[in-house]
Amino acid sequence: MGVSLLSPHLTCRDCNKAIDFYKAAFGAEEMMRLPGPDGRLLHASVRINGELVMLNDEYPEMGGASPLALGGTPVTLHLMVDDVDAAAAKAVAAGAEVVMPVADQFWGDRYGVVKDPFGHQWSIASPVWPPKSPEEMDAARDAAMKQMAGG
């Protein structure tokens, strides 16, 4: 069936539109949609970068709330890609909002964060080669932390 040992399961307001967004933004491959009697999706699944992502519509009567209903999300879905700049631009063109612009990061990735129209947050990254040594990463981390602290 192709189920990973750990697969995200997203609750979305208007899951049908979310699936269309994930296709446009991340090249998702639709696997299935299972509507309930009222038309809301009880279950759906897509593949993004070959990995299963399960989805369903909001069902507040059963405790199923999306990030839009909750006023945000503490969860970030991480997506590794070959070209982070192109992937982030594609997501934004499809309707995502930039949370953190793509930039080279101290840990050795080119990395940015977007929020999809359904309230889910996605970090998108490409490794920067050659990778940094542990000493270089420590020095870059310290410089980044000092800069964030304003000094």
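In strand E4, Met 54 is the bridge partner of His 9. This contact belongs to the pairing of strand E1 (residues 9-12) with E4, in which four bridges join two strands that run parallel. The model described here is predicted. Strand E4 itself spans residues 51-57 and is mostly covered, with six of its seven residues buried.

On E4, a further pairing is made with strand E3 (residues 41-48); here the two strands run antiparallel and are joined by five bridges. Within this pairing, Val 46 is placed opposite Val 53 of E4. E3 and E4 form a hairpin with two residues between the strands, and in this hairpin Asn 49 adopts a positive phi near 55°. Asn 49 is located in the loop between E3 and E4, and its positive phi occurs in a residue other than glycine. With a relative accessibility of 47%, Asn 49 is classed as partly exposed, because the class lies between the limits of 20% and 50%.

E3 is also paired with E2, again in antiparallel fashion, through six bridges. One of the residue pairs concerned is Glu 29 with its bridge partner Arg 47 in E3. Helix H1 (residues 15-26) packs on the sheet and touches E1, E2, E3 and E4, and the direction of H1 makes about 5° with that of E3.

Taken together, the strands give an open sheet of four, ordered E1-E4-E3-E2, with mixed pairing. E1 and E2 are the edge strands, each pairing on one side only. On average, neighbouring strands of this sheet are turned by 20° against each other, direction ignored.

Asp 14 lies in the loop between E1 and H1. Although Asp 14 is not a glycine, its phi is positive, at about 70°. The relative accessible area of Asp 14 is 32%, so this residue is partly exposed.

E2 supplies the largest share of the patch, namely three residues.

Another open sheet consists of four strands in the order E5-E8-E7-E6, and its pairing is mixed. Its edge strands are E5 (76-80) and E6 (97-104), each of which pairs on one side only. From one strand to the next, the twist averages 15°. E5 and strand E8 (residues 121-127) run parallel and are joined by five bridges. In this pairing, the bridge partner of Leu 77 is Trp 122 of E8.

Methods
Residues numbered from 1 in each chain as written. Predicted model: local features only at pLDDT ≥ 70, side-chain atom pairs only at ≥ 80, totals over all residues. Heavy atoms only, no water. Buried < 20%, exposed > 50% of the residue type's maximum accessible area, 1.4 Å probe, protein only. Pairing = 2+ DSSP bridges. Axes fitted to C-alpha atoms, helices over the stretch in contact; angles between N-to-C directions. Contact = heavy atoms within 4.5 Å.
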